[in-house]
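Subject: Structure for you to look at

Hello,

Here is the structure I promised to pass on. Please open it and keep it beside you as you read my notes.

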Amino acid sequence: MGDEADKKKFEEAKVKAEKGDADAQYQVGVMYRDGKTVNADLKQAFRHFKKSADQGHVMAQYELGVLHLHGKGVKRDAIAAFTWLNIIGKTPRINKTKEAEAFITLSQEGEGSAFTASVRTEGNI
């Protein structure tokens with residue numbers, strides 16, 4: 001596990017994350033995912049990535065897509081994976097949609113695209 005400086009960095013990031021800082025939420029998610037600073041906990045990683053992603057943090061959105069795609073910390077869900085990866089795929093210079101397409105049927109792709117559109121319309125992303 002991490003040294004005292006890593007633990008302090010985690011605690012500081014966690015305080016900022018609890019106050020709604022998207023970058024800190026992402027960093028805390030990474031720390032939980034990697035398990036180097038704190039014990040690995042993919043459910044906690046998912047929770048922090050989700051909070052960050054909902055604020056438009058692109059890397060957190062990618063992490064959510066990957067976690068859904070592989071069923072890590074959350075039930076495997078190809079539509080949710082496609083949705084999150086499709087959201088960032090629409091971000092200039094980033095295209096991770098192909099990663100999800102290997103695991104998704106055409107029907108699921110249609111559902112994912114419709115869900116992506118509804119999420120964007122609601123202004124969440």
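The accessible surface of the chain comes to about 7,100 Å². Carbon and sulfur atoms account for 51% of that surface. Keep in mind that this is a predicted model.

Now the overall fold. The chain has 125 residues, and 38% of them count as buried. It has seven helices and zero strands. Read along the sequence, the pattern is α-α-α-α-α-α-α. Take the contacts between residues at least 6 apart in sequence: 49% of these join residues at least 24 apart.

Next, look at helix 2, which covers residues 22-34.

After helix 2 comes G35, with a positive phi near 70°.

Which residues of helix 2 are buried? They are A22, A24, Q25, Y26, V28, G29, V30, M31 and Y32. Their cover includes helix 1 (4-18), helix 3 (42-53) and helix 4 (58-70).

In soluble globular proteins, nonpolar side chains tend to be buried together. Here the largest nonpolar core has 19 residues. F10, V28, Y32, F49 and L64 touch the most other members. Helices 1, 2, 3, 4 and 5 (78-89) each supply at least two residues of this core. Helix 2 gives the largest share, six residues.

Zoom in on Y32. Leaving out residues up to four places away in sequence, Y32 touches F10, K14, V38, N39, A40, D41, Q44, A45 and H48.

Finish with H48, which lies in helix 3. Is H48 buried or exposed? Its relative accessibility is 3%. Buried means under 20%, so H48 counts as buried. Its side chain makes a polar contact of 3.3 Å with the side chain of R47. Setting aside neighbours within four places in sequence, H48 is in contact with A17, Q25, V28, G29 and Y32.

Best wishes

Key:
Residues numbered from 1 in each chain as written. Predicted model: local features only at pLDDT ≥ 70, side-chain atom pairs only at ≥ 80, totals over all residues. Heavy atoms only, no water. Helix = DSSP H or I, 4+ residues; strand = E, 2+ residues; numbered from the N terminus. Buried < 20%, exposed > 50% of the residue type's maximum accessible area, 1.4 Å probe, protein only. Contact = heavy atoms within 4.5 Å. Areas by Shrake-Rupley, 256 points an atom, 1.4 Å probe, with all protein chains shown as cover. Expected span 1.5 Å × (residues − 1). Core = buried A, V, L, I, M, F, W, Y, C linked by side-chain atoms within 4.5 Å. Polar contact = N/O pair within 3.5 Å; in protein donor to acceptor, adjacent residues only side chain to side chain.
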